[in-house]
Amino acid sequence: MPGQEGRTEEWGIQVSHVDRRFGKKMVLQDISLEVKPAEVFGLLGPSGSGKTTLVKIIAGIDEATRGTVVVGGVQMPRIDMLGKIGYMAQSDALYTDLTAKENLDFFASLFGLPSKQRKRRIEEVMELVNLTDSMKKLVSAYSGGMKRRLSLAIALLHRPRVLILDEPTVGIDPALRASIWNELRAMGRAGTTILVTTHVMDEAEKCDRLGMLRDGRLIAVGTPDELKAHTHSATIEEAFLAYGGVRG
């Protein structure tokens with residue numbers, strides 16, 4: 001409702017008893033979790049664990065078979081939330097016959113970014129992902145890693161209150177990956193609620209809290225230190241294996 005959605009304390013995510021079934025296949029089963037406002041929350045799990053399906057439901061791109069998702073005090077999916085959520089998919093949704101700048105201009109207008117702010121904001125996000133020198137290149141000439149970086153720039157463009165990133169650093173070199181994570185943590189400190197999926201253990205360590213997914217089920221939630229302490233593990237990878245019943 002107007003007046004409720006703007007309050008900072010409400011820009012969290014609540015997922016309650018979510019199932020997602022495709023035909024006879026149950027992809028998500030009874031998922032309940034909370035992402036607190038201004039938190040960097042990581043979803044950790046191998047390919048096929050249900051991470052992408054869950055973030056699509058949270059972003060309002062897909063709908064749960066059962067259960068509810070509330071983002072910023074609003075039950076999803078709802079079309080008027082699209083301008084308040086930044087979403088970066090696992091596969092890049094870019095117009096390859098346009099330049100990077102033309103892609104950014106298009107998405108900026110879609111997000112309703114005022115034209116007087118647009119140029120400066122485009123420059124800021126392209127500098128962050130280290131693509132300033134390739135701004136006028138056709139996206140068809142970009143490498144896979146460059147396309148990932150451009151997709152991230154687009155997700156950040158409108159300074160969303162909630163940022164949902166699905167494997168954002170795949171194919172990105174380690175130095176740039178570190179700078180992107182520094183920016184994500186700075187955004188969290190500044191009030192942005194961030195949900196990021198990863199299967200990279202050192203990235204999981206950078207999150208405020210983690211949810212571990214395995215075979216469509218949430219097997220653990222906590223800070224990286226809590227998850228390691230609870231399983232007497234030295235690393236997040238060991239903790240994940242322990243929660244999954246792989247280690248005795």
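Helices here are DSSP runs of H or I with at least four residues, strands are E runs of at least two, and both are numbered from the N terminus. With that in hand, select strand β2, residues 25-35, and zoom to Asp-30 inside β2. You are looking at a predicted model, in which local features need pLDDT of at least 70, side-chain atom pairs count only at pLDDT 80 or more, and totals for chains, interfaces and linings use all residues. Residues are numbered from 1 along each chain as its sequence is written, and side-chain values use heavy atoms, with hydrogens and water left out.

**Stop 1**

Most residues other than glycine have a negative phi, and most peptide bonds are trans. Check the phi of Asp-30: it is positive, near 55°, in a residue that is not glycine. Asp-30 is partly exposed at 38% relative accessible area (buried means under 20%, exposed over 50%, partly exposed in between, with a 1.4 Å probe and protein chains only).

Next, pick Ala-38, in the loop between β2 and β3 (40-44). Ala-38 is another non-glycine with a positive phi, about 65°, and is partly exposed at 30% relative accessibility.

Now jump to the loop between β5 (74-75) and β6 (85-88), where Pro-77 sits. The peptide bond from Met-76 to Pro-77 is cis, with omega near 0°.

**Stop 2: a lysine in helix α1**

Select Lys-51 in helix α1, residues 51-59. Is Lys-51 buried or exposed? Lys-51 is buried, with a relative accessible area of 6%. Show its contacts (heavy atoms within 4.5 Å): leaving aside neighbours within four places in sequence, Lys-51 touches Leu-43, Leu-44, Gly-45, Pro-46, Glu-167, Thr-197, Thr-198 and Leu-213.

**Stop 3: α2 and its two partners**

Color helix α2 (residues 100-110) and helix α3 (residues 115-128); they pack at about 125°, with axes 11 Å apart. Axes are lines fitted to C-alpha atoms, for helices over the stretch in contact, and angles run from 0 to 180 degrees between N-to-C directions. That angle makes α2 oblique to α3; under 35 degrees counts as roughly parallel, over 145 as roughly antiparallel, 65 to 115 as roughly perpendicular and the rest as oblique. Show Ala-100, Leu-104, Asp-105, Ala-108 and Ser-109 on the α2 side, which meet Arg-118, Ile-122, Val-125 and Met-126 in α3. By class, this contact of α2 with α3 has six nonpolar, one polar and two charged residues (Ala, Val, Leu, Ile, Met, Phe, Trp, Tyr, Cys and Pro are nonpolar, Asp, Glu, Lys and Arg charged, the others, Gly among them, polar).

Ala-100, Asn-103, Leu-104 and Phe-107 of α2 meet Leu-150, Ala-153 and Ile-154 of α4. That contact of α2 with α4 has six nonpolar, one polar and no charged residues.

**Stop 4: the cores**

A nonpolar core is a set of buried Ala, Val, Leu, Ile, Met, Phe, Trp, Tyr and Cys residues joined through side-chain atoms within 4.5 Å. Which residues have the most contacts inside the largest one? Pick Leu-104, Met-126 and Leu-150, in a core of 45 residues. Its largest share, seven residues, comes from α4. Center on Leu-150: not counting residues up to four places away in sequence, Leu-150 touches Leu-94, Ala-100, Leu-104, Met-126, Leu-131, Val-139 and Tyr-142. Apart from this core lies another, of 25 residues, including Val-15, Ile-57, Val-71 and Val-74.
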